[in-house]
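Me: Could you take a close look at one part of this protein with me? I would like to start from a single residue and then see some of the elements elsewhere in the chain.

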Amino acid sequence: MRPIRLRIKGINSFQEEQLIDFKTLTQAGIFGIFGPTGSGKSTILDGITLALYGKLSRNSSNYINVNDEKASVVYEFIIAGQEEKTYQVSREFKRNKNEGINQGKCQLLELRPEGALVLADKTTEVTNACEEIIGLGLTDFTRTVVLPQGKFSDFLKLEGKPRRDMLERLFNLSKYGDELSNRLKLERINELEKLNQIVGSIKTYEGVSPEALAEKQSSYEQNHQQLKENRERFEQLNSQLSEAKLLMDLLTEQKNATDEVRNLETRQIEITEKEQQLALGKKALEVRPFMETFETLKNQVEESRCSLIGSEEKLVELLVKKEACENNFNQTDDYKSENLFKFQSKLEKVADAMIWKEAQLALETEIRELNKKMDTKNHHKINLENDKTRLTQEIEKVKKQLEGQRSEEKKCRIEPDHREKITRGITITEETSRLNSEIESDEKRLKKNQTEIDQLLENEKSLEEQRQALASELSAVDQELKAHEAARPATWDSIRTEKDEIIRIKNIFLKQTAGKVSLTAQEKQIDALVQTIESKKAIEKLLKEKMTAVEKQLTLLENKNMGHKLREQLCDGQPCPVCGSTEHPLTVYPEESDDAIRVEVINNTYSQQQKELAEITAEIAQLTGSFTILVENQKNLKTEIISLGQPIPEGQPELLEATNTELIKSLEDWEVWQKKQETRSHEIKNQLLRREGDLKEKTASRQALMLQNLELEELKKNREAAFRQLMAEATDLKIKLKVPKAFDFHAANETIKKMDARRGELMDSLEILEKGLATDRQQLEKLGESIHGINRQVQEFLLLIGEKARQFKEKRTAIEEKLGKDYELKELGELKDKFIGNIKWIENAWTTAKQKLETARLEYQKTEEAVTIKKLILRPCKGNLRLISQP
């Protein structure tokens, strides 16, 4: 952090606003702040600390000047890191009614070239931002950057963890300090856990020994032998089980086969009858397929004959079409062979001619461009020659000016010894004038300081008398406070304890009252539920009796109607399950239909009664559950009332609350008087502190003034001696210069300055003229070189134009040899397009004719194959038709 500027007002000895510019002070790299006691040296450091952190390290709340109620500080500083940033922090402070200090407006800005950026504008935010920017808290800042008087030894005496923590914060070494220690502790814990796991694993092998190994091996061999025997026994049993399962399966199959034989014997008669019917059906079905086959073959033969006739007609048409396509393709192929090569040869000649024509036009363009460039170079050469003539004339003119100004410059030169004496004379004159003025100022300050010292002595006497009176008053107030403290009626803790006890008693009383009311209500609910359950059970009993009677009646009717149901299920030809007869003459009885109606009515009645019984049973179960819950709740409520303890009399909680309220009022009255006396004591202490501070300040100011007077008297003597010495030196200097005593060194110095100024102007002018002359000479050389280069370029252009003209003539001769005459580029393009069109027409016509020929050949081939296939199919169909039609 590098301080730039500090503006401070109303803090300690700086009542008026003071501006301290550190930028000037830090130019030398290091500076000191000196002055007598009470002059405000420490206040400067306090101002920086207040600006950054809003408070002082010693937690002082008495840093505002006694004659002011407000104070402010504005501090500007630079932090140099990867990039240099400038910050400005400002705070305001105000004294409150309790002689404390409150913070007002505060703001932290980052000063940028484009404008200030607000980083924070609240007290805590500004303090946190400053700590983050500087990297130090208030404690570390006052231990390292700003050391209060007498605290340097504390910094040196820091040991152990406090010193290590502070150095970590200062040099950002936390990752090598506590963080590293914590990480090492964590790693140590992890390694210890791994070690414990390994030790636990090793402990599992504590009983391992050769004897134990031999014992285990013997036991293993015995177990292995036993396992082998058990496996052999298991295989024998498994084999016996498989045989038993196989035998069981055979028995099951035998039983199933016997049952199947019985079923087959039963169905043998039915199968015999159905076989007879099947024989008759087969005879009828043997004739039907031949008839259907005959009709189908007949239709197929007719359709194939018609299709064959159509295909043969189409085959003749396709043959004619194929021959026409072959003739067309042959003609097109002959035309292509005769004319395609001819058109391609002409196209190549035209393409070559176009290339030569384009090259010819490009050469013509290049020749025109070269002529233009050559004309430009000739014009530029004429301009350069004119510039060369003008520049030669200017160089001659400048040479004459240089000679005149060099002569004048020699006349304006001053001898160094004369100049040094005049300068020393001016210094002596100014120093003697300054010393004389300072001597007069010292005399005035001595008189003023003495007056202030006398005034301060009188103020000290008055302040001492006020201090003694305040001390006596403070002692009396303290005695009253001690006596009042002894008469305290109670403490808030005891009142709160008593209040909690009253609340507890009141809550118990309310719970007991509510429990009694709930218990009475539950008893009434239980009585009502008992009556409801009894009535529901009576209804349930009645319904069950009715259902029993209905079930008996329904059984009688079902037995009576069983024969009727069996007769309805019998069919003609099937044996009766009762008598075995295959004939079932039906007889209808009128009362059987009436019984069926009665059974249906009784069933409906029985279903309705079942539904009502289920509803009654559900209601009884629900009411019984509610009854059980109420009885359990009643039991729990009685237990809870008993657990609350002895019953609390009515009115006791209100009486206890009234007593507690009176005690609170007494304590509040006691605290009001106590606070009033403490406020008075605090005010007296503050006044006493202010008087003591004022007294110390006056004493310090008086001592500082007395010390200042001694310094002023000594300084005045030194200045008078220096004044006499300078006056003697001035007289000696005038004698050496051989000038009168009234010689004015300042006037002589002004004359020297004028001559120096004129000489400086001449030197500057000479330097400019010489530079201009050198530039002109260089420019003259460059002009000569440029003219020579242009002449060379013009010769090159002439040679190049001749070569281009020769190539142009060769291209024109080549075009005439190829085509017979010289065509324009547009005409050559038209010829090229014409030949390309002819070639494309020939190729398209040949391709089209070939495609049509291939299509016709393919269609003819497919139709010919279809006719052959149809003939082959039709021949066997006719034979089959003749065979089927024979009797």
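In which helix is Ser-681 found?

Reply: Happy to, and please keep in mind that this is a predicted model. Ser-681 is found in helix 13, which covers residues 652–737. Ser-681 counts as buried because its relative accessibility is 4%, and the cut-off for buried is under 20%. Leaving aside residues up to four places away in sequence, Ser-681 touches Leu-474, Val-477, Asp-478 and Leu-481.

Of its 13 residues, 10 are buried, so helix 2 is largely enclosed by the rest of the structure. Among the buried residues of helix 2 are Thr-43, Asp-46, Gly-47, Leu-50 and Tyr-53. Gly-54 follows helix 2 and has a positive phi, near 80 degrees.

Now for the strands. Strand 4 (residues 84–95) and strand 5 (residues 101–112) run antiparallel and are joined by 9 bridges. Within that pairing, Gln-88 has Leu-109 of strand 5 as its bridge partner. The hairpin of strand 4 and strand 5 has 5 residues between the strands, and Glu-99 in this hairpin takes a positive phi near 65 degrees.

Strand 5 also pairs with strand 6 (residues 115–120), in the antiparallel sense, over 5 bridges. Strand 5 and strand 6 form a hairpin with 2 residues between them, and Leu-108 stands opposite Ala-120 in strand 6.

How values were computed. Residues are numbered from 1 along each chain as its sequence is written. This is a predicted model: local features need pLDDT of at least 70, side-chain atom pairs count only at pLDDT 80 or more; totals for chains, interfaces and linings use all residues. Side-chain values use heavy atoms; hydrogens and water are left out. Helices (H or I, at least four residues) and strands (E, at least two) are DSSP runs, numbered from the N terminus. Buried means under 20% relative accessible area, exposed over 50%, partly exposed in between (1.4 Å probe, protein chains only). Contact means heavy atoms within 4.5 Å. Two strands pair if DSSP finds at least two bridges between them.
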